[in-house]
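These are my notebook entries on a two-chain model. I kept them in the order in which I looked things up.

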Protein chains: 2
Amino acid sequence: MYTIGQVSEMFSLPVSTLRYYDKEGLFPGMERQSGIRKFSERELEALRVIECLKRSGLEIKEIKQFMEWCVKGASTYSERKKLFEARRKAVEEEMLRLQKTLDMLKFKCWYYDTAMQDGSEDRLSDMIPDDLPPEIKKLYDNAHS
Amino acid sequence: MYTIGQVSEMFSLPVSTLRYYDKEGLFPGMERQSGIRKFSERELEALRVIECLKRSGLEIKEIKQFMEWCVKGASTYSERKKLFEARRKAVEEEMLRLQKTLDMLKFKCWYYDTAMQDGSEDRLSDMIPDDLPPEIKKLYDNAHS
DNA sequence: ATAGCACCTGAACTTGACTTTAGGTCAAGG
DNA sequence: CCTTGACCTAAAGTCAAGTTCAGGTGCTAT
């Protein structure tokens, strides 16, 4: 059993955030001892899932919904699985978008490297994509597809 | 030259968002014809960069700063390059975090698949990580590292 | 016994990125 | 002529996710 301060340390989250999550219903049925929150292993696992679902792009409300399904037991396994499948798909799509973003950023790094060597963008702005070095063209093409 | 409505179509962005970007200084020196915004190729390229930098996690203010560097010319190449290097690093880190998130989500998909087959989580909650099938243990380990 | 912590609450405030509203200009079509 | 549609502005409103504030409880070390 941990206090809110200990959990704050363990997860590097402000105490205010943990209280906010609690208020939003993300720790259903958390114990208290004379008013003071007691975080058990169940709440720590909840927090791990919260961080995962948040990073997957889920809102607090929807995470609350998930926590309610957990309380409801075996009858909600299929909803929970559907949720994780949907988040998985969303994250896979986000990673594809980020890969394009990354290729654009790498292209821009090359671009400004070149501009700095040349002292101006003149040569670069006269180029057409086919003039780009092959590895750079790959980045450019993926970023603009 | 394009009107705001045409650009809104081309980029699937609400007209209000384009006006907001303009107000925030993201299109420095954009032309107007009797009050009406005229988007040229320069503004379209600016928009492509805006979308890239936004996805990389940059705030509007910082994108504005970048646009000001662009106006300032060759003397800011190195700042601009440093910005893209920093965003590149940030996106690479974000992709690592997302890969962990994805492994957690895949693990949870397996978990609920198994729970549905068993009809309960009893067997799962008695398991220690070493009991997990090898590919599942890999997901679990990466997600929790 | 009092000062200092760590905890508690409800309510107000903040931030970023838009969106909506209310009111106005101007050109083209019926 | 007058309505419709695309454009304009400034200002207010929205939303999510916290954070901050003001005031309160209760243990413990000086």
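**Entry 1: a lysine at the contact**

I began with A:Lys81, which is buried at a relative accessible area of 17%. I use buried for under 20% relative accessible area, exposed for over 50% and partly exposed for what lies in between, with a 1.4 Å probe and protein chains only. The model is predicted: local features need pLDDT of at least 70, side-chain atom pairs count only at pLDDT 80 or more, and totals for chains, interfaces and linings use all residues. Residues are numbered from 1 along each chain as its sequence is written, chains are lettered from A and ligands numbered from 1 in the order in which they are written, and side-chain values use heavy atoms, with hydrogens and water left out.

A:Lys81 belongs to helix 5 of chain A. I take helices (H or I, at least four residues) and strands (E, at least two) as DSSP runs, numbered from the N terminus. I then asked which residues A:Lys81 is in contact with, leaving aside its neighbours within four places in sequence. They are B:Cys109, B:Tyr112, B:Asp113 and B:Met116, where contact means heavy atoms within 4.5 Å.

**Entry 2: the interface**

I looked up how many residues each chain brings to the contact: chain A gives 40 residues and chain B gives 40 residues. The size of an interface is often given as the accessible area lost when the parts come together. Here about 3700 Å² is buried between chain B and chain A, and carbon and sulfur atoms give 76% of that area. Buried area is the accessible area (1.4 Å probe) that two parts lose on being put together, summed over both.

I counted 4 salt bridges between the two chains, a salt bridge being a side-chain nitrogen of Lys or Arg within 4 Å of a carboxyl oxygen of Asp or Glu. A:Asp113 and B:Lys81 form a salt bridge through their side chains, at 3.1 Å from N to O.

Which elements of chain B give two or more residues to the side that touches chain A? They are helix 3, helix 4 and helix 5 of chain B. Helix 5 of chain B gives the most, with 26 residues.

**Entry 3: helix 5 of chain B**

I compared span with length: at 1.5 Å a residue, the 42 residues of helix 5 of chain B should span 62 Å, and the end C-alpha atoms are 61 Å apart, which agrees. The expected span is 1.5 Å times one less than the number of residues. Just after this helix, B:Gly119 has a positive phi of about 85°.

**Entry 4: helix 4 of chain B**

The buried residues of helix 4 of chain B are B:Ile60, B:Ile63, B:Phe66, B:Met67 and B:Trp69. They cover an arc of only 165° around the axis, which puts them on the same side of the helix; the arc is that of the directions from the helix axis to the C-beta atoms. On the other side, B:Lys61, B:Val71 and B:Lys72 are exposed. The cover over the buried residues includes helix 5 (77-118) of chain A, together with helix 2 (15-23), helix 3 (41-55) and helix 5 (77-118) of chain B. Just after helix 4 of chain B, B:Gly73 takes a positive phi of about 90°.

**Entry 5: two serines with positive phi**

Most residues other than glycine have a negative phi, and most peptide bonds are trans. A:Ser12 has a positive phi near 50°. Its place is the loop between helix 1 (4-11) and helix 2 (15-23) of chain A, and at 64% relative accessibility A:Ser12 counts as exposed. B:Ser34, also not a glycine, has a positive phi of about 45°. B:Ser34 sits in the loop between strand 1 (31-33) and strand 2 (36-38) of chain B and is exposed at 77% relative accessibility.

**Entry 6: B:Leu139**

B:Leu139 is in helix 7 (residues 134-143) of chain B. Is B:Leu139 buried or exposed? B:Leu139 is buried, with a relative accessible area of 16%. Apart from neighbours within four places in sequence, B:Leu139 is in contact with B:Asp103, B:Lys106 and B:Phe107.
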